[in-house]
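Below are my notes on the side-chain contacts and the pocket of this model. Please read them with the structure open.

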Amino acid sequence: MSTRNQYDLELKNLSSHLVQMSVRAVEAVEHAVTSLKSYDKGLARAVIQGDSEINAMERDIEQRCLKLLLMQQPVASDLRQVSAAMNMIVDIERIGDEAVDIAELALRHEECTIPQLREDVVTMASVACGMVDSAVTSYVTDDLSLAEATMRRDDVVDDWFVRLRSELGEYLIGHPADIDEVIDYLMIIKYLERVGDHSVNLCEWVGFKLTGELKSTRMF
């Protein structure tokens, strides 16, 4: 196998590992929200314990990126692909952190006094997690239009955040004794809103990979 063919294979493997890490992070968010909805403390603890796996995947991918940079003098497109991956794994790891934060709050709850809120949180999480999947798919498939469409979906996540924040504020006025629960849910929807923001970051790195331009990346 030629050096170039070996390099291309390593680039393909890099994409595969990045996908695996993103799948793991999305599952962590989904499981954290499920634990909140079903009061499954065991599942919440599993999310917290599983964060070390996501961290290990980040380190492994980072090492793969450094190896690719040292294997041979990369052409500009190779350099952008590897650089994008190195930055994307930072946001993916932080998505895993958001999952842990949600799971830790889920451990505090035995019931929810606002039943519809749990369903709305599940819906919001689904939109945010879908953005992560689409962002990573756009990286693997070099689909700039998909990345741009994914970024626009962040408005939907933001709308959910604003709506639920308003509803929680109104609920608190009539139920001041439930302030701890309201604060916890405010934090949860903020963590989900950040998942959407991290997805935007991922898409902006896809844009860098494909065009060489990086526009207003937000880092959290």
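How many nonpolar, polar and charged residues does the lining of the largest pocket have, by class? The lining has five nonpolar, three polar and four charged residues; here Ala, Val, Leu, Ile, Met, Phe, Trp, Tyr, Cys and Pro count as nonpolar, Asp, Glu, Lys and Arg as charged, and the others, Gly among them, as polar.

1. Basis. This is a predicted model, in which local features need pLDDT of at least 70 and side-chain atom pairs count only at pLDDT 80 or more, while totals for chains, interfaces and linings use all residues. Residues are numbered from 1 along each chain as its sequence is written, and side-chain values use heavy atoms, with hydrogens and water left out.

2. Largest pocket. About 200 Å³ of space lies in the largest pocket. Twelve residues line the pocket, and the closest to its centre are Leu144, Glu148, Gly207, Glu213 and Lys215. Two or more lining residues come from each of α5 (144-152) and α7. A pocket is an open set of points on a 1 Å grid over the protein atoms alone, where a 1.4 Å probe fits, with protein on both sides within 12 Å along at least five of seven lines; lining residues have an atom within 4 Å of a point. Grid points are joined across faces, edges and corners, and the volume is the space filled by probe spheres set on them. Helices are DSSP runs (H or I, at least four residues), numbered from the N terminus.

3. Salt bridge Glu110 to Lys41. The whole structure holds nine salt bridges (a side-chain nitrogen of Lys or Arg within 4 Å of a carboxyl oxygen of Asp or Glu). One of them joins Glu110 and Lys41, at 2.7 Å from N to O. Glu110 is in the loop between α3 (76-106) and α4 (115-141) and Lys41 in helix α2 (residues 41-71), so this pair ties together parts that are 69 residues apart in sequence. Glu110 is exposed, at 61% relative accessible area, and Lys41 is buried, at 16% (buried is under 20%, exposed over 50%, partly exposed in between; 1.4 Å probe, protein chains only).

4. Salt bridge Arg108 to Asp184. These side chains meet at 2.9 Å, N to O. Arg108 belongs to the loop between α3 and α4 and Asp184 to helix α7 (residues 179-211), so the pair ties together parts that are 76 residues apart in sequence. Arg108 is exposed at 53%, whereas Asp184 is buried at 6%.

5. Other charged pairs. Within helix α2, Asp60 and Arg64 are four residues apart, about one turn of the helix, and their side chains form a salt bridge of 3.0 Å, N to O. Asp60 is partly exposed at 27% relative accessibility, and Arg64 is partly exposed at 27%. A network of salt bridges links Asp120, Arg163 and Glu167.

6. Aromatic rings. The search finds one aromatic pair (ring centres of Phe, Tyr and Trp, the last by its six-membered ring, within 6.5 Å; planes under 30 degrees apart are stacked, over 60 edge-to-face, the rest tilted). Trp205 and Phe208 form this edge-to-face pair, at 5.5 Å centre to centre and 85° between the planes. Both lie in helix α7, three residues apart. Trp205 is buried at 9%, and Phe208 is buried at 17%.

7. Charges over rings. Lys190 lies over the face of Phe161, 5.3 Å from the ring centre, and Lys209 over the face of Tyr139, at 4.0 Å. The criterion is NZ of Lys or CZ of Arg within 6 Å of the ring centre and within 35 degrees of the ring normal.
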